[in-house]
Amino acid sequence: MRGWARVARSALPVALILGAVACTGDLGGDQNTGGIDPSGNTDTTVQQGRYSGLPEPCGAVRPETLAELLPDAEPEVYAGDPLATYDTGRRVGCDWRHVDGSDTQRLTVDFLRVISYEPEVSDDDQAERDFETRAAEAGVTITGEDSGDDGGGDAGDGGEGDVGGDGEQSVSPASGDTTSDARELDGIGHVAFIDDRLTSDDAGDRRDVTLSFRNANVIVTVVYSVSTTRPDPAPDSSQAQAHAETVARQLAEGLDG
């Protein structure tokens, strides 16, 4: 908290006034006054989020993991394409897409650093609200959070869409018969859920696995999609989920590191 000199409005000598200011410290410095400002009011400032920045998204996934999820792709595919966002200090993402004949694999990662604009709501509380809203939209009820969570939230980025910040809904195909399996997931971040959707139509089958987790004031979303036009069995659910979990664990470790 910034210390402020309270100088009586009287005809004091200039030297005395300057001395009083000097005793309180620099006006631009931070001072801990134990939650009480010089006027006697209780400090209502809430704790800021744990994370003040975001990682470079296209370098956040290990090369060997990309090679496993996007087999036999060209080197430029593994480099990834950064997703356009309005503020890279608040939101970043990367997209990898590989087309191999009848099959297409796509991986997208999205990092959102949440900030609360309500003085009485901490970044962490806002992030918790935002994450629970996302989970509810997927049909998942969050039952609990890691007690070690100490981060933040951001209500102001919902208008950018889900993954990618470009308004594209990557996990809800518009046509065809869709089956869904969504549930809370343990062991990744402070809290996580996974949503596995299979869409089948005349064009073929497409499986979209979305895994979203929260670490403090950062919400991370991983989407791994596999589609095929071949009349073979649909893309395997357990394998696609395992790939999404592998990526999510790496991103969570990167945040903690």
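The paragraphs below lead through this predicted model, from its sheet and helices to its disulfide and salt bridges.

Because the model is predicted, local features are described only where pLDDT is at least 70 and side-chain atom pairs count only at pLDDT 80 or more, while totals for chains, interfaces and linings use all residues. Residues are numbered from 1 along each chain as its sequence is written, and side-chain values use heavy atoms, with hydrogens and water left out.

Seen across its strands, an open sheet of 7 strands runs in the order β1-β2-β3-β7-β6-β5-β4, with antiparallel pairing. Its edge strands are β1 (81-82) and β4 (177-185), each of which pairs on one side only. Strands here, of at least two residues (E), and helices, of at least four residues (H or I), are DSSP runs numbered from the N terminus, and two strands are said to pair if DSSP finds at least two bridges between them.

On to the next strand, β5 and β6 pair in the antiparallel sense over 11 bridges, and they form a hairpin with 2 residues between them, with Asp201 standing opposite Gly204 in β6. Strand β5 is mostly covered, since 9 of its 11 residues are buried, where buried means under 20% relative accessible area, exposed means over 50%, and partly exposed lies in between (1.4 Å probe, protein chains only).

Phe131 is buried, with a relative accessible area of 0%, and, leaving aside its neighbours within four places in sequence, it is in contact (heavy atoms within 4.5 Å) with residues including Ile142, Val191, Phe193, Phe213 and Ile219. The C-alpha atoms of Phe131 and Val218 are separated by 9.7 Å, although these residues are 87 residues apart along the chain.

Not counting residues up to four places away in sequence, Gln105 touches Leu69, Leu70, Pro71, Trp96, Arg97, His98, Tyr224, Ser225 and Val226.

What does a search of the whole structure find in the way of disulfides? The search finds 1 disulfide, a disulfide being a pair of cysteine sulfur atoms within 2.5 Å, and it joins Cys58 to Cys94, with 2.1 Å from S to S. Cys58 lies in the loop between α1 (14-24) and α2 (63-69) and Cys94 in strand β2 (residues 91-100), so the pair ties together parts that are 36 residues apart in sequence. Because the torsion about the S-S bond is about 100°, the disulfide is right-handed. Cys58 is buried, with a relative accessible area of 13%, and Cys94 also counts as buried, at 0% relative accessibility.

Charged pairs complete the tour. Side chains of opposite charge can pair when their charged atoms come close. The structure holds 10 salt bridges, each being a side-chain nitrogen of Lys or Arg within 4 Å of a carboxyl oxygen of Asp or Glu. In one of them the side chains of Arg62 and Glu253 meet at 3.2 Å, N to O, linking distant parts of the chain, since Arg62 is in the loop between α1 and α2 and Glu253 is in helix α5, 191 residues apart. Arg62 is partly exposed, with a relative accessible area of 40%, and Glu253 is partly exposed as well, at 47%. Asp195 and Arg197 also meet in a salt bridge, at 2.8 Å from N to O, and both of these residues are buried. Asp208 forms a salt bridge with Arg206, the closest N and O atoms being 2.9 Å apart; here Asp208 counts as buried at 0% relative accessibility, whereas Arg206 counts as partly exposed at 32%.
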